[in-house]
Amino acid sequence: MSPVSAEAATDTVAAKRDHSHSNAARVERLVARFHQIRDFTDTLCADLEPEDCVVQSMPDVSPTKWHLAHTTWFFETFILKKFSSGYRAEIPEYAYLFNSYYNAAGSMHRRDLRGLISRPTVREAQRYRASIDSHIDNLLSRADQKLLDEIEPILVLGFHHEQQHQELLTTDIKHVFAQNPLYPVFRDRARPHGKPKTSADGLASRPKHFLDFDERIVEIGHDGRGFAYDNEGPRHRALVPAFSLASCAVTNGEYMAFIDDNGYARPEFWLSLGWMTVNDQRWQAPLYWMKHEGAWWNFTLSGFRPIEESEPVTHLSYFEADAYANWAGARLPTEFEWEAAALDCPIEGNFVEDEEFHPRALTTSESDRRLHQMFGDVWEWTRSAYSPYPGYRAAPGALGEYNGKFMCNQYVLRGGSCATSRSHIRRTYRNFFQPEKRWQFTGIRLASDPQ
């Protein structure tokens with residue numbers, strides 16, 4: 001062999017070694033992330049009894065057992081069945097029981113009947129999770145670069161899909177526990193030491209000011225770097241007129257003033273459908289609020305507690321948020337105003353990883369004129385209807401959480417909550433709910449037009 005040929009052979013061997021090392025590092029990263037996500041789901045369920053995991057307290061709520069199995073079904077259906085040669089489902093009927101809205105994946109069991117399914121048991125659902133996790137580990141361990149290129153986007157989508165269900169699991173178990181007059185404790189969390197300061201008008205003190213934003217053209221939507229759902233694009237320019245945005249979320253104390261002013265009995269503040277809903281549902285306060293010995297208490301995942309006036313108010317419908325804004329002489333922001341304001345805000349706050357499972361009172365001085373609580377604590381209602389961005393095209397056959405699923409009578413929420421994962425949220429994230437829904441951690445940030 002000539003010196004040139006020997007040198008070339010040495011380079012080839014080195015390149016293969018580097019490539020192999022890079023591939024192994026990639027597999028290690030994906031496996032670690034996979035187990036981190038899956039393990040946190042198990043952590044959320046650690047203190048639950050099997051009886052807790054099978055209850056469906058309303059059609060919007062799914063039993064914990066179903067969440068455990070459905071997130072597992074995702075990895076089995078879209079990764080193992082597609083990329084693992086020779087894989088055969090141990091229990092094919094799970095494909096029917098644990099599908100949800102993925103019409104291209106086959107037929108599915110009715111959502112409102114999930115609580116009637118006693119089998120598989122909770123233990124069997126956990127065994128299903130362990131089995132699929134093992135298969136995923138084996139598939140990734142022997143995957144070459146070409147296969148990883150195909151698997152990774154779906155695997156990452158599965159990570160975020162499971163993080164969505166971690167939030168749903170948390171809010172769903174809260175609704176389940178709230179039906180129980182024993183007020184079970186999901187996770188015991190001590191309250192911060194000291195009593196919140198109270199202002200002269202009796203409301204918990206906090207900065208009460210608006211920040212002004214000039215009219216400008218803003219790039220809205222995801223820029224393509226990193227993960228995003230398909231409903232966050234395409235990125236486009238939007239003219240955002242001048243507006244003002246409250247420095248932080250509306251508190252329990254402020255919302256109590258609305259209640260005390262007969263806000264739930266004054267139709268002038270309410271949308272017509274909202275007024276019908278208030279009367280049909282006999283709403284008198286946010287979900288989980290109850291009068292106890294003449295004072296307002298609320299049910300939390302740490303038990304039944306007196307309401308802290310300084311905490312952000314939560315579990316409000318769009319109708320309630322809009323009515324409060326009208327009463328306060330303000331309005332809700334548009335989602336474009338919210339995103340424009342959030343561009344320079346760090347993504348930090350009270351998220352599910354903190355395991356407080358409840359909004360946290362803001363502690364800052366009156367002179368601090370920055371935006372606070374833009375992320376975490378509570379999802380913030382916007383006045384924007386949930387619709388596709390200009391230029392949006394649903395990719396036929398594409399596996400997307402929101403691919404083509406734009407529905408009427410939905411409003412956009414922004415910012416995440418105390419039940420959202422920190423690594424799941426983005427400035428461009430678009431959540432949405434129907435205007436009468438209240439079981440998620442939804443709250444209010446006020447906006448106004450220039451005077």
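Q: What caps the N-terminal end of H5?
A: A polar contact is a pair of N or O atoms within 3.5 Å; within protein, one must be able to donate a hydrogen and the other to accept it, and residues adjacent in sequence count only if both atoms are side-chain atoms. In this predicted model, Asp-144 is the cap: one of its side-chain oxygens lies 3.3 Å from the backbone nitrogen of Lys-146. Helices (H or I, at least four residues) and strands (E, at least two) are DSSP runs, numbered from the N terminus.

Q: How should I read the conventions behind these values?
A: Residues are numbered from 1 along each chain as its sequence is written, and side-chain values use heavy atoms, without hydrogens and water. Local features need pLDDT of at least 70, side-chain atom pairs count only at pLDDT 80 or more, and totals for chains, interfaces and linings use all residues.

Q: What span should helix H5 have?
A: The expected span is 1.5 Å times one less than the number of residues. H5 has 34 residues (145-178), so it should span 50 Å; its end C-alpha atoms are 49 Å apart, which agrees.

Q: Where does H5 kink?
A: The bend at a residue is the angle between axes fitted to the seven residues ending there and the seven starting there. In H5 a kink of about 35° lies at Ile-151, shortly before the proline Pro-153.

Q: How many residues of H5 are buried?
A: Buried means under 20% relative accessible area, exposed over 50%, partly exposed in between (1.4 Å probe, protein chains only). In H5, 26 of the 34 residues are buried, so the helix is largely enclosed by the rest of the structure.

Q: In what order do the strands of the open sheet run?
A: Two strands pair if DSSP finds at least two bridges between them. The 3 strands here are ordered S1-S4-S12, with antiparallel pairing. S1 (210-213) and S12 (447-448) are the edge strands, each pairing on one side only. S4 (residues 243-246) pairs with S12 over 2 bridges. Leu-245 has Ala-447 of S12 as its bridge partner.

Q: Which peptide bonds are cis?
A: Most residues other than glycine have a negative phi, and most peptide bonds are trans. Arg-119 to Pro-120 is cis, with omega near 5°. Gly-233 to Pro-234 is cis too, with omega near 0°. Pro-120 lies in the loop between H3 (94-97) and H4 (122-141).

Q: Is Phe-357, with its positive phi, buried or exposed?
A: Phe-357 has a phi of about 55° although it is not a glycine. Phe-357 is buried, at 1% relative accessible area. Tyr-101 also has a positive phi, about 70°, but counts as partly exposed at 46% relative accessibility.
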